[in-house]
Amino acid sequence: MPGRTPTATVGPGGHRPEARTTEPAPAKVNLFLAVGPCRADGYHELLTLYESVPLQDEVTVTLRPAPDGRWRFRVSGGGPGLPSGWELPRDTENLAGRAALLYAEALAGAAPGPGGGRASSRPVGPAHVEVRIEKRVPPAAGLGGGSADAAAVLRALQRLYGHPLDTADLLELAARLGSDVPFLVRGGRAVGRSRGEVVLPRPAAPRLPLVLALTTSRLQTPEVYGELDRLRERGEAPPPGADDPERGLEALLDALAAADLERAGPLLRNDLEAACVSLCPEVEVLTRLLRESGCVGAAVSGSGPTVFGLARDMDEASAAARRAGRDAPPGLSGRVTFVPLLSGLPGERRGAAANPLEPF
Ligand code: C5P
């Protein structure tokens with residue numbers, strides 16, 4: 001992700017530097033999400049296709065000197081993405097704060113010193129880490145907002161400390177924070193496997209004209225997976241293994257590679273959709289509305305309730321967003337916003353997924 005060049009200032013003591021950087025934290029949608037059986041560890045086996053979208057939080061990380069030689073982590077924030085009545089979890093209650101904590105622990109392991117450790121040309125040591133999050137991505141919406149903030153903290157700390165952790169270590173840290181954090185560290189387009197944390201970047205072209213249906217409803221991920229298990233037990237959702245999801249994903253990837261969005265539309269898939277609809281019936285209304293408004297396909301993102309539609313081009317995406325807004329049933333209007341956008345990472349990192357091992 002583009003990020004900003006870190007700035008360093010001399011602190012009040014005259015020689016203690018303070019360093020700061022700001023990272024965009026773009027959200028994601030899942031163009032494809034096949035859910036396998038529940039594993040012994042409580043996670044479900046997934047096959048998914050992640051796609052970054054330029055709806056993003058902004059995460060500013062400041063490192064201040066720690067005169068007492070102890071790490072401290074502060075997380076605060078706010079912004080239009082935070083629904084009224086919602087408080088942003090603070091400090092290490094926030095996944096972004098836990099990202100900083102895990103990073104600090106890993107840094108201690110990587111610090112040069114007697115007996116070895118990985119060498120670094122930059123100072124490595126405890127700091128007071130302050131994270132400020134400007135929220136624009138709604139939480140609990142299936143867009144990976146909180147995970148994206150945590151991923152942005154990892155990138156920011158890597159930059160501020162001069163990239164002391166290698167990519168594998170950073171992705172391992174990310175996986176400990178959440179299943180979609182490894183994807184969000186890098187962004188672009190990628191296939192996710194296992195519980196979603198094993199990611200294989202794919203070419204991010206063509207960028208996709210989408211319409212996001214952002215609703216004020218919220219869904220909690222564990223509840224949605226639990227509901228899918230219940231529906232499957234009762235025979236009300238297809239059991240895992242009812243088809244071969246690899247073939248479905250291949251077909252979608254082929255259509256995207258050919259830039260044939262009309263073919264790609266009906267191949268969008270999310271096995272959590274039935275569970276989302278069961279918990280939040282408006283999801284079905286939104287999916288139908290986007291299809292009827294001219295999108296060539298529509299699906300739930302992640303564990304919902306955000307729904308997105310795929311259009312043939314940006315003009316059609318804008319027209320579909322207008323039509324959906326006009327035709328939304330009275331109960332939904334005022335609570336749902338239809339946002340046309342072109343998928344992909346904002347700014348300079350467009351196409352960076354082609355070279356995923358660059359320092360983030
Ligand atoms: O990995 P993450 O912390 O984001 O997952 C949140 C919850 O979502 C998990 O505790 C689990 O209930 C559910 N989940 C799942 N299978 C996955 C990913 C998430 O059951 N592959």
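Biologist: Is Arg326 buried or exposed?

Modeller: The general idea is relative accessible area, found with a 1.4 Å probe and protein chains only: under 20% is buried, over 50% exposed, and in between partly exposed. Arg326 has 61% relative accessibility, so it counts as exposed. By the way, this is a predicted model, where local features need pLDDT of at least 70 and side-chain atom pairs pLDDT 80 or more, while totals for chains, interfaces and linings use all residues. Residues are numbered from 1 along each chain as its sequence is written, and side-chain values use heavy atoms, without hydrogens or water.

Biologist: Okay, which residue does Arg326 form a salt bridge with?

Modeller: A salt bridge means a side-chain nitrogen of Lys or Arg within 4 Å of a carboxyl oxygen of Asp or Glu. Here the partner of Arg326 is Asp327, and their closest N and O atoms are 3.1 Å apart. Asp327 is partly exposed, at 40% relative accessible area.

Biologist: How many salt bridges does the structure hold?

Modeller: There are 23 of them. One joins the side chains of Glu18 and Arg20, at 3.7 Å from N to O. Arg20 is partly exposed, with a relative accessible area of 35%. Glu18 and Arg20 also belong to a network of salt bridges that takes in Arg64 and Glu130.

Biologist: And what about Lys135 and Asp149: buried or exposed?

Modeller: Both are buried, and their side chains meet in a salt bridge with an N to O distance of 3.0 Å. Lys135 sits in the loop between strand E5 (127–134) and H2, and Asp149 in helix H2, so this pair ties together parts that are 14 residues apart in sequence. Those labels are DSSP runs numbered from the N terminus: helices (H or I) have at least four residues, strands (E) at least two.

Biologist: Now pockets! What volume does the largest pocket have?

Modeller: A pocket is an open set of points on a 1 Å grid over the protein atoms alone, where a 1.4 Å probe fits, with protein on both sides within 12 Å along at least five of seven lines; lining residues have an atom within 4 Å of a point. Volume is the space filled by probe spheres set on the points, which are joined across faces, edges and corners. Here the largest pocket comes to about 1100 Å³.

Biologist: Which residues lie nearest its centre?

Modeller: Gly144, Ser147, Asp180, Thr221 and Ser303 do, out of 42 lining residues. H2 gives the most to the lining, with four residues. Among the other elements supplying at least two are strand E2 (17–38) and helix H5 (221–233).

Biologist: Where does the largest pocket lie relative to the domains?

Modeller: Between them, because domain 1 (7–201) and domain 2 (209–342) both give residues to its lining. Those bounds come from an automatic or database domain assignment.
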